[in-house]
Amino acid sequence: MSTETPLVASPDKTRRDLFFHHDFRQLWVGDTVSVFGAQFVLFAMPLLAVQLLHAGAFEMGILSMLESLAFLLISLPAGAWVDRWRKKRVIVLGDLSRAALLITLPVAWLTGWLSMGQLYLVAFLVGCITVFFDVANQSYLPEIVEGDQISEGNGKLQASQQTAQVVGPAAASALVRLIGSPLTIGVTAVFMALSSLSVSLIRHRETPHDPTTRRPLAHEIREGLDFVLKHPLLRRIVAYTGGSNLASSAVFALFVLYVIKTLGFSETTLGLVMSVGAIGGLLGAVSSARFSRLVGEGRAIPLSALMGAVFIAAIPLASVLPAVPTLMVGQFFTSWAVVVYNITQVSFRQRLCPKPLLGRMNASIRFLVWGPMPIGAFLGGLVGRHLGIVPTMWIFVAVSLCAALPVVFSPLITMRDLPRSLDALADSHVVGEKPSDEPDDVR
């Protein structure tokens with residue numbers, strides 16, 4: 001990113017400037033409204049499948065797989081396309097089109113036509129739109145704030161997301177009890193549509209992509225993949241995140257079924273457990289900078305990765321220990337670790353990457369780390385049908401621990417600071433040029 005001299009300001013002044021930054025504020029409000037709405041869908045859609053359509057382990061695995069399958073199928077070309085398009089337009093249209101798809105579920109329920117087939121189709125199409133939305137949303141932040149404000153901006157966005165995860169499940173469980181899961185999804189559609197209004201008010205004018213500079217799509221995709229896979233630290237981060245996502249997708253594809261059927265709890269208890277977990281994520285968002293200063297920005301990545309891999313074991317442990325407190329403790333610390341990890345590594349890669357390559361870099365990472373999610377969800381449902389839910393969860397807890405090895409046994413564990421020398425590389429980076437095998441200040 002930029003090698004300009006940092007702003008001479010106190011931390012408080014920097015925070016005050018970004019809080020009153022018009023364009024960031026509009027992005028922040030829009031993102032907050034969107035993630036609050038999304039929490040209702042994440043809670044209500046599996047409940048709809050389990051309670052109204054009587055889905056089993058395999059059906060829940062298929063549903064979870066379809067929600068993230070698009071990241072495996074289209075995220076690479078999506079990144080190249082997003083780099084050619086206006087990112088604000090992609091974000092606005094993404095929210096509006098997802099709202100239109102979601103509203104079909106309560107309409108079908110009211111008319112008696114709701115089926116697992118429609119649920120599968122809506123989940124897949126919403127996932128396809130989300131690919132473009134997420135790549136554009138994550139690539140847009142560096143366009144509207146200064147380089148030294150990216151980490152702060154990510155922290156604020158994560159804080160909103162975690163607040164939504166704290167309040168969302170509890171509010172969604174109350175709303176499901178009041179109006180049912182189909183109409184709760186209808187409320188979500190309204191939230192999705194409203195979030196686009198705030199983003200549409202952003203004043204920043206994006207520089208149009210020059211069509212004459214376009215190269216073949218395959219070449220542009222390869223540039224994004226090369227940047228990620230040839231970087232000595234990013235490829236380790238990607239290896240852990242992809243393996244962890246595979247394992248957690250298998251576990252959480254069965255989570256609602258596990259809590260409702262195996263443990264015998266109500267949707268209210270499910271919402272309470274998810275809210276407590278989200279409190280951990282909220283604390284992770286507000287404490288990630290302090291944690292990074294305490295242990296070092298570099299070490300924060302492997303330490304938080306290892307912690308997240310360990311505490312996911314609390315989910316199957318709840319079948320033999322006091323269930324509710326075990327789930328709450330596990331969800332709290334898992335969420336804290338995941339958010340700290342994400343803020344640290346996402347800020348690092350945004351700071352590192354040249355702006356013209358941001359969409360393809362983010363899409364490449366989405367492909368590599370979210371692509372395993374539908375595979376994990378499918379495997380979770382398949383193995384769960386044959387071996388049972390709890391044994392399946394233990395298998396993927398072991399996978400999660402193994403996935404942490406690339407970052408735990410890496411130069412990151414010895415590094416207090418992530419290599420700032422590579423910021424200059426990002427500015428002078430010639431697309432397609434191979435970075436050095438190791439950063440200069442790795443010890």
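**Aromatic pairs and nonpolar cores**

Phenylalanine 291 is buried (under 20% relative accessible area, with exposed over 50% and partly exposed in between, for a 1.4 Å probe and protein chains only), at a relative accessible area of 17%. This is a predicted model, in which local features need pLDDT of at least 70, side-chain atom pairs count only at pLDDT 80 or more, and totals for chains, interfaces and linings use all residues. Residues are numbered from 1 along each chain as its sequence is written, and side-chain values use heavy atoms, leaving out hydrogens and water.

**Confidence**

- The average pLDDT (the predictor's confidence in each residue, from 0 to 100) is 79 for the protein. A score of at least 70 is reached by 84% of the residues.
- Residues 1–15 stay under 50 in pLDDT. The model gives them 21 contacts (heavy atoms within 4.5 Å) beyond four places in sequence.
- Residues 422–443 also stay under 50, with 37 contacts beyond four places in sequence.

**Aromatic pairs**

- Rings of Phe, Tyr and Trp (its six-membered ring) pair if their centres lie within 6.5 Å; planes under 30 degrees apart count as stacked, over 60 as edge-to-face and the rest as tilted. The count by this rule is seven aromatic pairs.
- Phenylalanine 24 and tryptophan 28 have ring centres 5.6 Å apart and planes at 40 degrees, so they form a tilted pair.
- Phenylalanine 24 is buried at 0% relative accessibility. Tryptophan 28 is buried too, at 18%.
- Phenylalanine 291 and tryptophan 336 have ring centres 5.1 Å apart and planes at 85 degrees, so this pair is edge-to-face.
- That pair links distant parts of the chain, 45 residues apart. Phenylalanine 291 belongs to helix H13 (residues 267–295) and tryptophan 336 to helix H16 (residues 323–352). Helices are DSSP runs (H or I, at least four residues), numbered from the N terminus.
- Tryptophan 336 counts as buried, at 13% relative accessibility.
- One aromatic cluster is formed by Phe311, Phe332 and Phe333.

**Nonpolar cores**

- A nonpolar core is a set of buried Ala, Val, Leu, Ile, Met, Phe, Trp, Tyr and Cys residues joined through side-chain atoms within 4.5 Å.
- The largest one has 63 residues. Met45, Leu102, Leu119, Ile185, Tyr258, Ile315 and Leu327 touch the most other members.
- Helix H2 (residues 22–52) supplies the largest share of this core, nine residues.

Notes:
Helix = DSSP H or I, 4+ residues; strand = E, 2+ residues; numbered from the N terminus.
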